[in-house]
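Here is a short report on one protein model. Look at the sequence and the 3D view first, then read on.

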Amino acid sequence: MAKTKELSKNVRDKIVNLQKAGMGYKAIAKQLGEKVKTAGAIIHKWKKHKITVSLPRPGAPCKISPRGVSMIIRMVRNQPRTKYEDLVNDL
C-alpha cells in the first residue's frame with residue numbers, strides 16, 4: 001500500500017472544529033472528502049495530545065537492546081582484548 005500525502009494543518013483543524021461542533025466521524029469525512037478512519041485518527045490524536053500536527057520521530061531506533069549493550073561492556077571489561085567478531089557472534 002502506497003503512502004499518501006499528509007493533510008494540511010487547515011484540514012486537520014477543520015476536522016477537530018467540526019468534531020467540537022458535535023458532528024460525527026462519518027459526517028466530517030463526507031463533508032471534507034476524507035476517509036472516516038483518517039478523521040477518526042486525527043480526532044483521537046487531538047483528544048490524547050491536544051495537537052493536530054505530525055511530529056517527527058525522536059530519533060533512529062536502537063540497533064542493540066540495553067541488555068546487549070551491558071553484555072558487550074561486561075565482556076570487554078573482563079577481557080579487554082576481545083575481538084569484534086567475538087562480540088558479534090555472542091550477540
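## An exposed lysine

Lysine 50 counts as exposed because its relative accessibility is 57%. Buried means under 20% relative accessible area, exposed means over 50%, and partly exposed lies in between (1.4 Å probe, protein chains only). Lysine 50 sits in the loop between α3 and α4. Its phi is positive, about 60°, although lysine 50 is not a glycine.

This is a predicted model: local features need pLDDT of at least 70, side-chain atom pairs count only at pLDDT 80 or more, and totals for chains, interfaces and linings use all residues. Residues are numbered from 1 along each chain as its sequence is written, and side-chain values use heavy atoms, leaving out hydrogens and water.

## A buried threonine

Threonine 52 lies in the loop between α3 (36–49) and α4 (66–78). Helices are DSSP runs (H or I, at least four residues), numbered from the N terminus. Threonine 52 counts as buried, because its relative accessibility is 7%.

The side chains of threonine 52 and aspartate 13 form a polar contact of 3.1 Å. Such a contact is a pair of N or O atoms within 3.5 Å; within protein, one must be able to donate a hydrogen and the other to accept it, and residues adjacent in sequence count only if both atoms are side-chain atoms. Not counting residues up to four places away in sequence, threonine 52 touches Lys9, Arg12, Asp13, Val16 and Trp46. Contact means heavy atoms within 4.5 Å.

## The nonpolar core

The largest nonpolar core has nine residues, among them Val16, Ile42 and Trp46. α1 (9–20) and α3 are the elements that give it two or more residues. α3 gives the most, with four. A nonpolar core is a set of buried Ala, Val, Leu, Ile, Met, Phe, Trp, Tyr and Cys residues joined through side-chain atoms within 4.5 Å.
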